[in-house]
Amino acid sequence: MANTFLFFLLLIFSSNIIFENIYACNQSERSSLLSFALTLSSPLLNWTSTDCCNWQGITCNRDGWVTHLQLHSKGLKLKGGIFPSSSLANLTHLTHLNLSHNSLSGSPDQTEFFLSLNDLEILDLSYNLLFGVLPSSLPSSHIRMVDLSSNRLHGAVSSSFFQQAWNLTSFNVSNNTFSGPIPSSICRPSSSSLRHLDFSFNNFKGSISSGLGKCSKLQVFRAGRNYLSGSLPEDMFNSTTLEEISLPLNSLNGAISDGITNLTNLTTLDLSYNQLSGVLPLHLGKLSKLKHILLDFNYLEGSLPLSLMNCTNLVELRMGTNNLGGDISMLNFSKLSQLSKLDLRKNNFFGILPRSIYSCKFLKAIRLNYNNLEVQIEPEILSLKSLSFLSLGMNKRLTNIKEAMRILMGCKRLAVLSLLSSFLGEEMPNSVEMADFYGFQNLLLLDLNSCNLSGIIPSWLSKLKKLQVLDLSHNRITGSIPSWLGTLPSLYYLNMRFNQLSGEFPKELCTLPMLVSGQTAAQVGRVYLELPIYYLPSADAAFLQYNYLFFAPYIYLGHNCLSGNIPIEIGQLQLLRLLDLSANNFSGNIPDQISNLKDMETLDLSMNHLSGKIPASFTGLNFLSRFNVSYNNLGGPIPSSTQLQSFNASAFEGNLKLCGAPLPNKCQTTTGADAPDTSTQDVDTKKHQIPWLYISVALGFITGFWGVCGPLVLMRKWRYAYYHFLDNVQDSFHVMIAKWMAIMRRKFV
């Protein structure tokens with residue numbers, strides 16, 4: 001019995017020794033890891049124990065060789081910006097190297113590093129600061145995944161880079177600055193296991209070479225936001241395993257081939273922002289697994305194929321800004337039970353919007369603006385419980401704004417409502433008509449511009465506590481700007497230009513919380529939109545796409561009948577970037593407090609009755625890109641600054657007394673370059689100036705003289721008393737002189 005017990009103790013002891021020997025790290029690799037740690041400037045790695053196999057991020061095999069180095073998202077930074085290739089190259093048994101989401105810099109193009117890692121299977125250096133070019137080939141024939149995305153790598157991706165990629169399944173170099181063509185020899189019979197390719201967000205150019213069809217297991221192909229041109233290669237449609245083709249924001253052209261219907265596993269087709277033309281494939285509906293179709297911003301024409309309604313898994317259908325057309329009432333949306341987003345804006349569709357669209361119970365976003373549709377707000381829209389985005393403007397027959405508002409306020413989740421150029425000539429529903437108003441409590445944007453609406457700004461808008469953007473421009477709205485607008489806690493974009501508003505600029509508007517306090521603005525945060533919105537920075541620029549509510553802090557009140565002074569309290573709107581008060585009847589001076597608006601980019605005060613000088617403090621508005629004070633009654637020199645002098649003279653014209661650059665009439669000076677020359681002032685003005693100094697001296701003398709002498713002339717008793725007083729003073733003075741002379745004689749005798 002005792003021998004048996006001793007045997008078990010010996011067995012346990014020996015197994016512990018074997019276990020420790022199996023997992024004890026190799027000392028040479030321990031030294032290499034410590035060398036790697038010494039290259040880091042931060043943070044300090046807690047690698048202090050004897051056995052490196054127990055260190056954070058380290059995994060060893062049974063022989064004590066390091067196989068996994070995984071230090072992602074640790075905030076690693078390197079000393080001197082040199083990639084630690086020499087120390088890592090000694091880890092010859094490494095299979096997994098993950099240093100992603102750090103701040104590592106330097107170039108990974110080190111032959112010794114890549115050639116030594118013969119067993120490497122996973123290489124993830126994404127989201128760092130690496131620069132330089134790629135090496136000539138991958139480090140290992142065993143490698144399965146390479147992720148170098150979100151760095152600063154450049155140069156071409158050579159075809160030889162994939163020469164040994166026999167087991168490669170995923171390759172991601174997105175969000176770098178790679179250039180040249182997309183390598184044509186990625187897909188070879190030897191690389192049949194490749195499933196994921198991502199070249200997006202780079203500078204690749206040229207056409208997509210044929211060869212993708214050789215990747216018999218390819219599922220995802222992404223190359224968006226590059227400079228690719230030409231048509232889609234026909235052999236791409238041989239990769240029947242493809243589930244995603246994402247090539248937006250390129251210059252691809254030509255028609256979408258009927259061969260695309262071979263890709264029966266396709267779930268995502270994103271070819272937006274290209275130059276594709278022609279009609280859509282007639283049998284597009286064969287792609288029954290399609291969930292996302294994004295073909296907006298192209299030149300597609302013809303009608304939507306009826307077979308599209310067979311894509312019963314469709315979640316997102318976006319074909320806006322094309323030349324598509326046809327009778328939309330021919331489409332039966334009832335089959336698209338999963339549809340969540342529908343965007344057909346800026347096309348040529350006509351006909352009555354089919355009621356079958358209300359059977360899509362999961363619809364969150366509908367955008368059909370800029371078509372020729374016959375649209376009305378029907379009570380059935382209330383069945384779309386998740387609807388948060390609705391844009392129907394610039395269509396036909398959208399009437400009865402009062403009833404439309406009553407229905408829509410029942411859409412509890414509605415966040416974006418754009419009905420521009422609708423209800424033409426109707427009257428804005430007032431508070432009496434909306435007495436039972438309780439809706440729009442989640443509304444962020446309300447756009448009723450260009451509707452030719454009359455009436456006043458209704459007070460029910462004051463209940464929209466989440467409203468951030470209000471556009472009532474290009475209407476016939478009258479009355480004054482209500483003071484309660486300044487109490488809306490989330491409002492930061494207000495557009496009421498081209499109306500008939502009168503009265504003064506309310507001081508309460510200068511207390512808008514979102515424009516006064518950066519802390520308040522930061523608390524509101526970005527709100528994700530179900531459909532992106534598009535912003536055109538200038539006429540010659542491309543559209544910018546935003547997936548959240550994006551509007552700069554603007555106040556547009558131009559082209560109205562507003563009067564009075566611009567309140568000095570306007571200086572409180574420190575976050576304001578644009579202020580347009582043009583074409584009104586404002587008078588008085590330009591408030592110096594506007595110079596407190598340090599973020600101001602556009603200031604338009606033109607076509608008013610403003611007088612005085614342009615405040616010298618405007619030289620501190622360093623972000624001004626547009627400035628206009630033309631056609632006022634301003635005078636004096638234009639303040640000297642590189643900012644104001646950079647604007648065209650037209651920004652100051654129509655002010656007869658203004659002078660100085662950029663105007664042609666110079667301000668003459670006496671001393672110094674900027675001092676005004678008084679000798680050149682208007683001669684007629686000098687002639688008619690009143691000499692107030694001399695007048696005041698004369699008046700003072702006359703007042704003092706008659707204040708003393710007047711009573712002596714007019715009152716005899718005062719006059720006798722005054723003369724008697726003088727006689728007494730004279731006698732006293734003679735006696736005092738006589739005594740003083742007698743004293744002096746006695747001293748000097």
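Exposed means over 50% relative accessible area, buried under 20%, and partly exposed in between. These terms are used in the legends below, which describe close-up views of a predicted model.

**Figure 1. Salt bridge between Arg397 and Glu374.** The two side chains meet at 3.1 Å, N to O. Arg397 lies in the loop between strand S29 (389–391) and helix H5 (401–408), while Glu374 belongs to strand S28, so the pair links distant parts of the chain, 23 residues apart. With a relative accessible area of 55%, Arg397 is exposed because the value is over 50%. Glu374, at 29%, is partly exposed.

**Figure 2. The open sheet of twelve strands.** The strand order is S6-S8-S10-S12-S14-S16-S18-S20-S22-S24-S26-S28, and the pairing is parallel. Strand S6 (105–106) and strand S28 (372–374) stand at the edges; each has a single partner strand, so one side of each is left without a neighbour in the sheet. Within the sheet, strand S14 (residues 203–207) pairs with strand S16 (residues 227–230) over three bridges in the parallel sense. Lys205 has Tyr227 in S16 as its bridge partner.

**Figure 3. Strand S3 and its two pairings.** Strand S3 (residues 66–70) is largely enclosed by the rest of the structure, because four of its five residues are buried. Strand S2 (residues 58–60) pairs with S3 in the antiparallel sense over three bridges, and Cys60 has Val66 as its bridge partner in S3. The hairpin of S2 and S3 has five residues between the strands, and Gly64 takes a positive phi near 85° there. S3 also runs parallel to strand S5 (residues 96–98), joined to it by three bridges. Gln70 stands opposite Asn98 in S5.

**Figure 4. Surroundings of Ser100.** Ser100 sits in the loop between S5 and S6 and is buried, with a relative accessible area of 4%. Leaving aside neighbours within four places in sequence, its contacts include Leu71, His72, Ser73, Asp124 and Asn128. Ser100 and Asn128 are 28 residues apart in sequence, yet their C-alpha atoms are 6.6 Å apart in space. The side chains of Ser100 and His101 are joined by a polar contact of 3.4 Å.

**Figure 5. Asp235, a buried residue with no salt bridge.** Asp235 is placed in the loop between S16 and strand S17 (244–246). The nearest side chain of opposite charge is that of Lys214, 7.0 Å away. The Asp235 side chain reaches the backbone nitrogen of Gly211 at 2.6 Å. Not counting residues up to four places away in sequence, Asp235 touches Ser210, Gly211, Leu212 and Gly213.

**Figure 6. Salt bridge between Asp198 and Arg222.** The whole structure holds twelve salt bridges. In the one shown here, the side chains of Asp198 and Arg222 meet at 3.8 Å, N to O. The pair links distant parts of the chain, with Asp198 in strand S13 (residues 196–198) and Arg222 in strand S15 (residues 220–222), 24 residues apart. Asp198 is buried at 5% relative accessible area, whereas Arg222 is partly exposed at 28%.

**Figure 7. Salt bridge between Asp296 and Arg345, and the network that includes both.** The side chains of Asp296 and Arg345 meet at 3.9 Å, N to O. Asp296 lies in the loop between strand S21 (292–294) and strand S22 (299–303), and Arg345 in the loop between strand S25 (341–343) and strand S26 (348–352), so the pair ties together parts that are 49 residues apart in sequence. Both Asp296 and Arg345 are buried.

Conventions:
Residues numbered from 1 in each chain as written. Predicted model: local features only at pLDDT ≥ 70, side-chain atom pairs only at ≥ 80, totals over all residues. Heavy atoms only, no water. Pairing = 2+ DSSP bridges. Buried < 20%, exposed > 50% of the residue type's maximum accessible area, 1.4 Å probe, protein only. Contact = heavy atoms within 4.5 Å. Polar contact = N/O pair within 3.5 Å; in protein donor to acceptor, adjacent residues only side chain to side chain. Lys, Arg positive; Asp, Glu negative; His and termini not counted. Salt bridge = Lys/Arg side-chain N within 4 Å of Asp/Glu carboxyl O.
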